[in-house]
Amino acid sequence: MSQKEIPYKIYLEEQEMPKQWYNVRADMTNKPAPLLNPATWQPMTAQELGKVFCDELVKQELDDQNPYIDIPVEIRNFYKMYRPSPLVRAYCLEKKLQTPAKIYYKFEGNNTSGSHKLNSAIAQAYYAKKQGLAGVTTETGAGQWGTALSMACAYFELDCKVYMVKVSYEQKPFRREVMRTYGASVTPSPSETTAVGRKILEEHPGTTGSLGCAISEAVEAATSTEGYRYVLGSVLNQVLLHQSVIGLETKAALDKYEIVPDIVIGCAGGGSNLGGLISPFMGEKLRGERDYKFIAVEPASCPSLTRGRYVYDFCDTGRVCPLAKMYTLGSGFIPSANHAGGLRYHGMSSTLSQLYADGLMEARSVEQTAVFEAAQQFAKVEGILPAPESAHAIRVAIDEAIKCKETGEEKTIVFGLTGTGYFDMKAYERFNNKEMVDYIPTDADLEAGFAGLPQK
């Protein structure tokens, strides 16, 4: 089909929406390493994980054999309120860059949570309700996950307790208030409400917090409260599974117009957006059906893939969670408070870590001033103010498009626009006032985090 016939926005019909999630682990020759019990260094059993997570989610977490898992009709009906989401051809950006590259982005910001996080939040809330639980606990960084989960819990009439990284709690009050509007309680982390929070505050007075801290508090709150379980918005296999709707819809839309991408780009914090976007394309690569270039983009201030170590580490700062083999900066690593995006996690999804270790995808780190320059450039020509997290992917998509201009190559680039930045105006204000600075941890900074890695 002629490129001139391709519309600005490619929409799927409601009946074309995925009816199954895709489990990329089923096609991986080297499976992600299992979660380990830190006391025994043995693989966590379903019974052990069931004390923290919902039963059905435990099954999904441990399943690395079934390539497709049915999406319950209740979840699909909820998805229909905002899915299928559009795949947009960035014609205006292409023109501005004067590049021969064709740029597409999958837009996940067309729901009140403002991000892709709702895809997994509604699934996890559904399974909690089905199990008969009273509520769930969680952590949130920049607030997209907490917002999404509060919406999902309100829909299923579940209590929702959110521990929000303190620096974000202070920088992003409006996102915090959206959570409260949907009925969630929101606590700045680390806090005095949990034993692990008090311990972290004692050891690190004045700390601005981290996702690792907030995870510890949320897990403690869940495991010490009858009728509650902990849910997580990224990192875990189950979350990447739910987020595969992003990639499945993207691939279906591209297939509709016989478009084959050369490069697929996503921002990478814990891995939910990146893993969801690339999964069906990675499946083709793993099966030897087609080749793609995948690029994970992370902040230079929290460079787990590009500068981390691939080892077993605690998933949380308080060391109450299982051990995961992943690229990590150490569970005690706390990123700079000036980091403006929500990509603050010290580690990376075990699934994505294994794919990266096997050389199946690339990783790049970018500085936040360059990220916001790309965000501003995108907003001016494409009409959407992107979330700072998404802008990491935009930065590298622009860089790749400029390379095409220099070489004359007509590559097709697809990236994930995970959400909008309308609740991130403090960060944009700092950028506009030229107050934003770049922070890159020194080798000594990273060594301090590595020093705390667990030893068997």
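Is asparagine 273 buried or exposed? Asparagine 273 is buried, with a relative accessible area of 4%. Buried means under 20% relative accessible area, exposed means over 50%, and partly exposed lies in between (1.4 Å probe, protein chains only).

The legends below describe a predicted model, in which local features need pLDDT of at least 70, side-chain atom pairs count only at pLDDT 80 or more, and totals for chains, interfaces and linings use all residues. Residues are numbered from 1 along each chain as its sequence is written, and side-chain values use heavy atoms, with hydrogens and water left out.

**View 1. Asparagine 273 and its contacts.** Asparagine 273 sits in helix 12 (residues 272–286). Helices (H or I, at least four residues) and strands (E, at least two) are DSSP runs, numbered from the N terminus. Leaving aside residues up to four places away in sequence, asparagine 273 touches His116, Gly266, Cys267, Gly416 and Thr418. Contact here means heavy atoms within 4.5 Å.

**View 2. Cysteines without a disulfide.** A disulfide is a covalent bond between the sulfur atoms of two cysteines. The criterion used is a pair of cysteine sulfur atoms within 2.5 Å. Searching the whole structure gives zero disulfides. For cysteine 267, the nearest cysteine sulfur belongs to cysteine 302 and is 13 Å away. Cysteine 267 is buried, at a relative accessible area of 5%. The sulfur of cysteine 321 has its closest cysteine sulfur in cysteine 315, at 5.9 Å, which is too far for a bond. Cysteine 321 also counts as buried, at 8% relative accessibility.

View 3. Two strands pair if DSSP finds at least two bridges between them. Strand 7 (residues 159–165) and strand 8 pair in the parallel sense over five bridges. Valine 165 has serine 189, in strand 8, as its bridge partner.

**View 4. Two cis peptide bonds, at proline 84 and proline 190.** Serine 189 is joined to proline 190 by a cis peptide bond, with omega near 5°. Proline 190 lies in the loop between strand 8 and helix 9. Arginine 83 and proline 84 are also joined by a cis peptide bond, with omega about 0°. The loop that holds proline 84 runs between helix 3 (73–79) and strand 4 (87–89).

**View 5. The largest nonpolar core.** A nonpolar core is a set of buried Ala, Val, Leu, Ile, Met, Phe, Trp, Tyr and Cys residues joined through side-chain atoms within 4.5 Å. The largest has 71 residues, and those with the most contacts inside it are Trp21, Ile75, Tyr79 and Met361. Helix 5 (residues 118–130) gives the most to this core, with eight residues. Another core, of 35 residues, lies apart from it, and includes Ile103, Ile394, Val396 and Cys404. Not counting residues up to four places away in sequence, methionine 361 touches Leu274, Ile278, Met282, Phe294, Ala296, Leu305, Leu352, Leu355 and Tyr356.

**View 6. Helix 17 and its buried face.** Helix 17 spans residues 425–432, and its buried residues are Ala427, Tyr428, Arg430 and Phe431. Seen down the helix axis, these buried residues fall within an arc of 160°, so they line one face of helix 17. The arc is that of the directions from the helix axis to the C-beta atoms. Their cover includes helix 7 (166–171) and helix 15 (368–382).

**View 7. Positive phi at lysine 434 and glutamine 98.** Lysine 434 is exposed, with a relative accessible area of 76%. Glutamine 98 has a positive phi near 55°. Glutamine 98 lies in the loop between helix 4 (91–97) and strand 5 (102–107), and is exposed at 58% relative accessible area.
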